[in-house]
Amino acid sequence: MTLDAPTVDVHAHVLLPEVDQAVADRPGLAAARALDARRNGPDALAVNAVMIRERIPRLIDAQARLAAMDAAGVDVQLISPSPSHYHYWADEDLARSIWELANAGTAAHTAEAPDRLLGLGLVPLQHPGLAVKALDHALGLGLRGVEISSHAPGRELSDPAYEPFWTHAEETGAIVFLHPFGCTLDERLDRWYLSNTVGQPAENAVALSQLIFSGVLDRHPGLRIVAAHGGGYLPTHIGRSDHAWRSRTDARAGCAHLPSSYLTRLWFDSLVHDPHVLRELLRVAGPQRVLLGSDFPFDMGTDDPLGALRAAGLSDADFHAVRGGNATTLLRLT
């Protein structure tokens with residue numbers, strides 16, 4: 001792995017006020033906010049409000065973002081809309097407005113420094129029939145792909161209705177960034193910010209398991225899926241999935257190979273907050289499948305992604321692969 005590859009952070013977000021304006025006072029927004037409030041609890045919502053307010057400049061101002069990148073030693077960011085912009089409750093007409101505004105807003109933000117800022121758009125998972133059109137819209141604006149959550153209401157990522165989307169993402173080489181928002185364990189996690197600390201890695205593990213066990217990755221081996229938060233709990237507990245696949249006919253009915261083998265077909269960010277877990281992620285997925293991630297600029301991310309990477313004590317080759325070499329290849333920066 002060349003040492004001169006840029007340092008690339010694949011997990012960073014932008015806040016788009018135009019999307020918030022588009023959904024304001026629309027039927028369905030109040031119910032969605034009530035669900036979010038119930039899932040998170042009042043204490044988390046209060047802390048979130050202060051946290052977001054403090055980070056607004058870095059979320060909306062490209063110059064503030066670039067200054068923070070310089071301070072962290074990051075050369076390039078792959079920027080995705082804040083997951084709060086998914087709005088999977090929206091009807092088809094509103095969903096179209098959301099993805100068009102999110103895609104255009106992200107493209108405009110990255111255009112302020114095109115040599116350093118790359119972008120991802122959104123697709124409406126709640127309307128599978130529109131996902132291909134939304135992906136094409138994002139790609140047509142020069143974005144590198146799209147960001148999706150771990151599920152949509154009533155649909156897992158294994159749903160056959162998404163087959164055209166997976167096919168098109170594979171054919172176009174689009175990046176699909178899997179970043180959960182919300183957790184269906186609901187009120188069981190409504191204190192102490194368990195909705196995020198437990199909920200996000202649980203949702204990652206469920207979503208990736210749906211893709212693996214259903215055969216989506218068998219049917220679409222060329223998909224370029226990047227899982228946020230190191231893929232959640234799945235990589236460190238993949239042995240249990242392998243055991244089930246070996247031991248039970250129902251577990252192996254949908255996928256052709258050991259579940260652990262599919263981890264080497266996916267990409268994962270490095271944001272696991274534990275050097276031991278990061279080393280295990282490299283072991284099970286392969287050092288060429290892990291990418292630097294910070295969750296910029298949110299408080300559940302890290303202001304020093306390179307410091308977190310150094311703490312894992314990787315070999316020089318693996319360090320530079322994760323720092324930017326792998327992302328340079330994935331994003332075709334050279």
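In what order do the six strands of the open sheet stand? I took this as my way into the model, which is a predicted one.

**Entry 1: the sheet.** I read the order as β4-β5-β8-β9-β10-β11, and the pairing is parallel. Then I looked at the two ends of that row. β4 (121–122) and β11 (290–291) are the edge strands, and each has a single partner strand, so one side of each is left without a neighbour in the sheet.

**Entry 2: one pair, up close.** I picked β10, which covers residues 267–269, and its parallel partner β11. I found two bridges joining them. Which residue of β11 stands opposite phenylalanine 268? I found valine 290 there.

**Entry 3: stepping back.** For the chain, my tally of secondary structure reads 15 helices and 11 strands.

**Entry 4: overall size.** Next came the radius of gyration: a compact globule of 334 residues would have a value near 20 Å, and the chain's 19 Å agrees with that.

Entry 5: Among contacts with a separation of 6 or more, 77% come from residues 24 or more positions apart.

**Entry 6: charges.** How many positive and negative side chains does the chain have? I wrote down 28 positive and 40 negative, and the centres of these two sets lie 5 Å apart.

Note on methods
Residues numbered from 1 in each chain as written. Predicted model: local features only at pLDDT ≥ 70, side-chain atom pairs only at ≥ 80, totals over all residues. Heavy atoms only, no water. Pairing = 2+ DSSP bridges. Helix = DSSP H or I, 4+ residues; strand = E, 2+ residues; numbered from the N terminus. Rg over C-alpha atoms; globule rule 2.2 N^0.38 Å. Contact = heavy atoms within 4.5 Å. Lys, Arg positive; Asp, Glu negative; His and termini not counted. Charge placed at Lys NZ, Arg CZ, Asp CG, Glu CD.
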